[in-house]
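Thanks for coming, everyone. Have a look at the structure on the screen, and I'll talk you through the parts I'd like you to remember.

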Amino acid sequence: MAKQILILYPDTFIWITPAKGLLYNTKKFTIKEFRITRNVLSLCERLMGNNRIRRVEINTDTLFDDEKQFMKLIISNKFGYISLPEENVRTVQNGHRPAPGLSQDKTGRNTRDILRYFSDLTIYIGGECEQTEFYKQTFYPYHSVSCLSAIDIIDFLNRIETPYLRHIHIILSDLYGKSNLSLLISWLLHTRDLITFYIPHSLTKKSFIYNTLKNLGFSVKIICRGREDTARSIREFIQLSRKYDRQGPDFHFLVTNNSEFKYFNLLVSDHFPSAGKVIPVYSHNLRFIKEKIFRNKSELHPEKVTKRQIRIHQSLNPNFFGSLTLMPDKYIYSNVNCPPLGNMQEPIREIISRELENNYAWKLIRNASPCCHCKYQWICPPPNNYEFVIGKTDLCYESALTPGRYTYG
Ligand code: SF4
């Protein structure tokens with residue numbers, strides 16, 4: 001009775017690199033590393049290689065010790081089980097599939113109306129403000145001499161005519177610029193549920209926020225930098241919220257060092273536990289960003305990544321997918337760190353097609369070096385804007401891995 005079949009459970013994934021492999025169960029969130037030897041590699045290849053059907057026939061009489069250990073690891077940790085050859089077992093495929101919502105035919109053409117994919121629009125109105133490049137990492141006012149007029153924006157929104165838009169983020173640089181904000185605000189009233197205004201703290205006129213935007217039902221986020229004036233201003237917001245007996249705006253605190261990080265975290269927990277967010281930003285402060293953003297092995301392990309998330313990580317980038325950004329120069333981007341897709345006068349379907357053809361951001365996944373050689377490739381969160389601005393294709397301490405040839409999943 002030497003012949004048996006080793007079968008992986010449908011929720012188990014295996015990824016291997018030349019030195020180490022990883023077993024991960026997306027139901028129990030168990031994860032185990034194993035050493036790759038020539039025999040174990042051959043077993044993995046047979047397990048994964050046959051049309052990616054995750055079962056392999058084994059002869060228990062002739063197994064080597066390392067193969068036995070590998071099987072023991074699989075069975076004792078419930079990544080798979082042993083069956084007899086005559087048992088009728090369900091086969092499961094573990095290959096790449098289109099991610100949910102991205103339907104393609106055999107030639108890779110999209111079979112759905114591509115307008116469906118466009119769900120999130122960011123509009124940088126532009127105007128005079130502090131010149132930084134933080135807008136490449138997060139919502140932050142953009143300095144420009146020219147700016148989008150209310151008429152430009154209304155005309156654009158009228159032309160794109162999509163029922164699939166779920167969010168419109170409007171970033172103001174200057175409250176008193178050339179944009180005719182009051183016209184824009186009154187036009188946007190019928191879609192106010194979709195709209196969030198982002199207003200730089202330094203330009204904030206609090207009565208505008210309370211009497212206009214909040215009063216009309218818009219969502220408002222104040223973007224803050226700078227420690228002392230921010231603290232003074234925040235106190236005024238707290239007083240105003242009490243006076244108007246109304247929920248105030250949310251706050252994004254951008255921080256570039258540890259002392260700001262601690263200070264604003266304390267401020268948020270004291271005054272805005274549900275309305276404040278502390279966001280580390282890169283400003284040639286790699287040490288701080290490494291400390292706050294980079295992941296190490298122990299941080300990767302506890303992540304509860306589901307099977308659906310793994311499929312998504314293999315197909316598209318949820319950080320960017322569906323988003324377009326309109327800049328004050330009238331160009332549209334899928335990501336402001338990438339080349340433009342076209343200008344606001346062009347049909348929106350053409351703009352979306354260009355992104356799907358060029359793959360600048362929406363389908364940016366961890367398929368480049370060093371991630372494509374890493375066993376965490378599909379567990380790891382997908383690429384983000386920090387990687388663009390720092391100029392790295394990974395944000396972890398794992399990239400010192402020996403480059404290799406093997407990955408499965
Ligand atoms: S090398 Fe890439 S996939 Fe591996 S842990 Fe780092 S960022 Fe994640």
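Let's start with one cysteine. C374 is buried, because 25 other C-beta atoms lie within 10 Å. For that label, a residue is buried if 20 or more other C-beta atoms lie within 10 Å of its own, exposed if 12 or fewer, and partly exposed in between, with C-beta atoms placed from the backbone. You'll find C374 in the loop between α11 (348-358) and α12 (385-390). K20 is 354 residues away from C374 in sequence, yet C-alpha to C-alpha the two are 9.2 Å apart in space.

Two housekeeping notes. This is a predicted model: local features need pLDDT of at least 70, side-chain atom pairs count only at pLDDT 80 or more, and totals for chains, interfaces and linings use all residues. Residues are numbered from 1 along each chain as its sequence is written.

Now the overview. The chain has 12 helices and 15 strands. Those are DSSP runs, numbered from the N terminus: helices are H or I with at least four residues, strands are E with at least two. Of the 409 residues, 33% count as buried. Take contacts between residues at least 6 apart in sequence: 71% of them join residues at least 24 apart. Contact here says that the C-beta atoms of two residues, placed from the backbone, lie within 7 Å.

On to the sheets. Which order do the strands take in the open sheet of 9? The order is β12-β11-β10-β9-β8-β7-β13-β14-β15, and the pairing is mixed. Two strands pair if DSSP finds at least two bridges between them. At the edges stand β12 (276-280) and β15 (342-343), each with a single partner strand, so one side of each has no neighbour in the sheet.

Let's walk along part of that sheet. Strand β9 (residues 195-200) pairs with β10 in the parallel sense over 5 bridges, and F197 stands opposite V220 in β10. Then β10 (residues 219-224) pairs with β11 (residues 250-255), again in the parallel sense, over 4 bridges. There, I222 stands opposite F251, and I223 stands opposite H252.

G276 is buried, with 21 other C-beta atoms within 10 Å. Leaving out residues up to four places away in sequence, G276 touches D250, F251, F253 and V268. P249 is 27 residues from G276 in sequence and 9.2 Å away in space, C-alpha to C-alpha.

There is also an open sheet of 3 strands, in the order β5-β1-β6, with antiparallel pairing. Its edge strands are β5 (55-59) and β6 (80-83), each pairing on one side only. Strand β1 (residues 3-8) and β5 are joined by 5 bridges, and K3 has N59 as its bridge partner in β5. Helix α2 (residues 65-76) packs on this sheet, touching β1 and β6, and its direction makes about 110° with that of β6. For these angles, axes are lines fitted to C-alpha atoms, for helices over the stretch in contact, and the angles run from 0 to 180 degrees between N-to-C directions.

What about the nonpolar cores? A nonpolar core is a set of buried Ala, Val, Leu, Ile, Met, Phe, Trp, Tyr and Cys residues joined through C-beta atoms within 7 Å. The largest has 49 residues, and among those with the most contacts inside it are I123, I170, F197 and L254. I170 touches I123, I125, I195, F197 and Y198, again not counting residues up to four places away in sequence. Apart from that core lies another, of 28 residues, including I16, L47, F79 and C380.

Most residues other than glycine have a negative phi, and most peptide bonds are trans. F29, though not a glycine, has a positive phi of about 55°. F29 sits in the loop between β3 (20-25) and β4 (30-35) and counts as partly exposed, with 14 C-beta neighbours inside 10 Å. N359 also has a positive phi, near 55°, and is found in the loop between α11 and α12. N359 is partly exposed, with 14 other C-beta atoms within 10 Å. Finally, the peptide bond from S369 to P370 is cis, with omega near 5°, and P370 lies in the loop between α11 and α12.
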